[in-house]
Amino acid sequence: MNKKLNELKKWLKETKTDCVLINDPENIAYYSGYKSDPHERISALVAFPFADPFLFTPSLEVNDAENSEWSFSVYGYLDNESPWSIISTKIQEIIVGTNRFAIEKAFLTVERYEMLLYFFENSQFINISEKIQEMKLIKNPDEINRMIEAGKWADKALEIGFNSIKEGISEEEIVAEIEYQLKKQGIKEMSFETMVLAGDHAASPHGIPGSRKVKKNDMVLFDLGVVCNGYTSDVTRTAIFGKPSIEAEKIYSVVLKAHQAAIAAVEPGVTAGQLDEIARDIITKEGYGDYFTHRLGHGLGSNVHEHPSIMKDSELIIKEGMCFSIEPGIYVPEVAGVRIEDCLYVTKNGCELFTKTSTAFQSII
Ligand code: MN
Ligand code: MN
């Protein structure tokens with residue numbers, strides 16, 4: 001964690017910024033190792049170029065924050081106190097006459113910004129959101145290890161899901177089975193709401209699992225992820241139950257070909273746009289271009305959706321340490337929906353996948 005705080009300090013020095021206030025709970029966790037959901041209350045991480053940072057949390061969280069990975073001061077406020085008055089006093093104990101103040105313009109609400117304006121009326125407010133995004137792009141070995149662990153749990157979740165498929169079981173029952181088994185094994189949180197879509201329901205890329213029951217010869221799409229030590233995983237497999245139609249099998253083979261070709265092309269120096277193009281060309285040449293309705297992939301880390309975006313025309317250059325998904329899909333209404341997704345980290349000359357579940361077109365019964 002200290003490495004990240006040091007980089008933040010370095011940025012403050014370079015940009016001659018006197019103070020930064022980070023209040024997105026995800027970003028507080030990224031720099032401090034302390035994760036919480038303060039709901040409508042405010043939490044903040046405040047850092048300076050030449051002094052120690054501090055955490056500011058509701059009083060009821062102070063103990064938890066002090067017992068986390070965070071090794072600097074933690075200040076609290078009670079529900080009947082004004083958090084902004086306390087936080088501004090604490091900041092003014094360290095710096096006097098602040099004139100350059102960094103905030104997360106992509107996250108701080110107007111109401112909160114107005115409070116800062118009130119207490120720091122002569123300050124200039126600059127944006128740190130883009131710098132944070134940029135820092136999060138390259139993962140260090142500790143973060144990658146956490147994501148490897150999260151990937152193993154995602155494989156485990158798929159295994160539980162595949163084993164629970166039988167004729168007549170509903171999508172939501174399969175979701176319940178996966179999450180129950182994981183919770184019993186100590187997993188506290190999924191990366192997002194687990195998705196299980198059976199048959200033609202899978203033709204909706206963001207469908208919501210419901211009471212639809214699995215029938216013989218259905219394909220069942222699973223998209224899920226597990227949070228492990230603050231880091232996420234994300235994987236999609238389309239399980240085969242019986243013998244799907246010839247067109248469904250064709251769609252599956254095209255998606256798999258696009259998935260494999262894109263992964264084989266990942267290496268430092270290639271652009272995000274080139275990766276998208278490799279997968280999209282394969283799908284388009286087979287006549288399904290109009291049915292691949294989303295970008296090829298997205299970055300992930302402590303958040304399940306982060307930069308980079310692996311999309312058409314992006315000139316972003318892929319570098320060692322970046323982590324992202326490759327997830328081509330074809331969704332033909334009333335016929336079939338297939339997506340195959342793995343997340344990976346970029347190595348010196350290629351990439352390694354976080355998830356290992358087979359992608360072969362193989363019936364599970
Ligand atoms: Mn994804
Ligand atoms: Mn996914």
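The protein is divided into domain 1 (3-135) and domain 2 (141-353), with bounds that come from an automatic or database domain assignment. This is a predicted model, where local features need pLDDT of at least 70, side-chain atom pairs count only at pLDDT 80 or more, and totals for chains, interfaces and linings use all residues. Residues are numbered from 1 along each chain as its sequence is written, chains are lettered from A and ligands numbered from 1 in the order in which they are written, and side-chain values use heavy atoms, leaving out hydrogens and water.

**Where the two domains meet**

- The C-alpha centres of domain 1 and domain 2 are 35 Å apart.
- Six residues of domain 1 touch seven residues of domain 2, counting heavy atoms within 4.5 Å as a contact.
- About 530 Å² is buried between the domains, and carbon and sulfur atoms give 33% of that; buried area is the accessible area (1.4 Å probe) that two parts lose on being put together, summed over both.
- On the domain 1 side, Glu 26, Lys 35 and Gln 133 lose the most area to domain 2, together 59% of what that side buries.
- Two salt bridges are counted between the domains, each being a side-chain nitrogen of Lys or Arg within 4 Å of a carboxyl oxygen of Asp or Glu.
- Lys 4 and Glu 143 join their side chains in a salt bridge, at 3.2 Å from N to O.

- Asp 223 sits in strand 8 (residues 218-224) and Asp 234 in the loop between strand 8 and strand 9 (235-241), so the pair ties together parts 11 residues apart in sequence. Helices (H or I, at least four residues) and strands (E, at least two) are DSSP runs, numbered from the N terminus.
- Asp 223 is buried at 7% relative accessibility, and Asp 234 is buried at 4%; buried means under 20% relative accessible area, exposed over 50%, and partly exposed in between (1.4 Å probe, protein chains only).

**Backbone details to look for**

- His 39 has a positive phi of about 55° although it is not a glycine, and His 39 is exposed at 60% relative accessible area.
- Asn 229 also has a positive phi, about 50°, and lies in the loop between strand 8 and strand 9.
- The peptide bond from His 307 to Pro 308 is cis, with omega near 5°.
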